[in-house]
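Notebook open, structure on screen.

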Amino acid sequence: MTRHLQPYQPVQLVSTNFTLQRGVKSALLVTNVVDDSSSISSYGNTESIRRGYNQGLDQYRKDDDGSRQLIVSTLLLNRGWLYAGKSPTEAAHLDRSNYVPGGNTPLFIATEHALEFVSRASDFLTQQGLNVYSMTYILTDGADTSGLAPFSVKPIVSHMQQTGLHIVAGIAVRDGSTKFHQVFTQMGIREEWIKVVEREDGDIVEGMTNASATVMRTQTANPDDFRRTTTFGFHGTDSE
């Protein structure tokens, strides 16, 4: 487990990662935890994940109107932080140089580090006078191999969700054996924020771009607007 810690360390100084926009009153932290284990490659999911991720990032760049500070970060399970605290235009696409699946699936420990970053970043931005909200997406295609239990991350997930200011979502690519709904719920993720897609190119890309669309239609004008979003899940609209 210790060997997975080092790649996650550079974001300890979260205050150095942000360039604050003038005039905005709120910030939305969008953090991606992306599986880059060997099963991504062996199942033939690599290019689908690159495309889904890149289309989502392009959507942020196209539709961000500057009314809030949209801050994007991406953590790869094995490689560590691809980048942290970037605007959509600064954030990097996934390509053949920076997304090369290989290794194990330290899903739970990576999620812990990602949420610790989100928590600290939220505190920093709040101190700057912003209303801060977050959406963290966890994408995987296999079971955790770190030896930890999913319950190890439940306290931080539950605490963040209870504030009404943070959303944690799980997206899984079906592998034929892992009970992803059970794993994500044991991590503390709410049922409405769990999505399991088939191991098909179109399904993977659609699942990831739907997540990006959810980000763009999320209202952050005030806490009540965001809290309403937390109850909708991936559908993004009231059930009535």
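This is a predicted model: local features need pLDDT of at least 70, side-chain atom pairs count only at pLDDT 80 or more; totals for chains, interfaces and linings use all residues.

How much space lies in the largest pocket? I get about 220 Å³ for the largest pocket.

**Entry 1, largest pocket.** I listed the lining and found 15 residues. Nearest the centre of the largest pocket lie Ser122, Asp123, Thr126, Leu165 and His166. I then asked which elements give two or more residues to this lining, and they are helix H3 (107–127), strand E4 (131–140) and helix H4 (154–162). H3 has the largest share, with four residues. By residue type, I sorted the lining into seven nonpolar, seven polar and one charged.

**Entry 2, second largest pocket.** Here I find about 180 Å³ of space. I wrote down the lining of the second largest pocket in chain order: Ser26, then Asp63, Asp64, Asp65, Ser67 and Arg68, then Met216, Thr218, Gln219, Thr220 and Ala221. How do these lining residues divide into nonpolar, polar and charged? I make it two nonpolar, five polar and four charged.

Setting aside neighbours within four places in sequence, I see glutamate 191 in contact with His181 and Thr185. I also checked glutamate 191 against arginine 217, which is 26 residues away along the chain. Their C-alpha atoms are separated by 20 Å.

I count seven helices and six strands. Reading from the N terminus, I get the order β-α-α-β-β-α-β-α-β-α-β-α-α. The C-alpha atoms fill a box of roughly 45 × 45 × 35 Å along the principal axes.

Does the radius of gyration point towards a compact globule or away from one? For 240 residues I'd expect a radius of gyration near 18 Å from a compact globule, and the protein has 16 Å, so the value agrees.

I also noted that buried residues make up 54% of the 240. Of the contacts with a separation of 6 or more, 81% are between residues 24 or more positions apart. Last item: the accessible surface comes to about 10700 Å², and 46% of that belongs to carbon and sulfur atoms.

Note on methods:
Residues are numbered from 1 along each chain as its sequence is written. Side-chain values use heavy atoms; hydrogens and water are left out. On a 1 Å grid over the protein atoms alone, a cavity is a set of points where a 1.4 Å probe fits but cannot get out, and a pocket is an open set with protein on both sides within 12 Å along at least five of seven lines; lining residues have an atom within 4 Å of a point. Grid points are joined across faces, edges and corners, and a volume is the space filled by probe spheres set on the points. Ala, Val, Leu, Ile, Met, Phe, Trp, Tyr, Cys and Pro count as nonpolar, Asp, Glu, Lys and Arg as charged, and the others, Gly among them, as polar. Contact means heavy atoms within 4.5 Å. The radius of gyration is taken over C-alpha atoms; the globule rule is 2.2 Å times the number of residues to the power 0.38. Buried means under 20% relative accessible area, exposed over 50%, partly exposed in between (1.4 Å probe, protein chains only). Accessible areas come from the Shrake-Rupley method with a 1.4 Å probe; for residues, only the protein chains shown count as cover.
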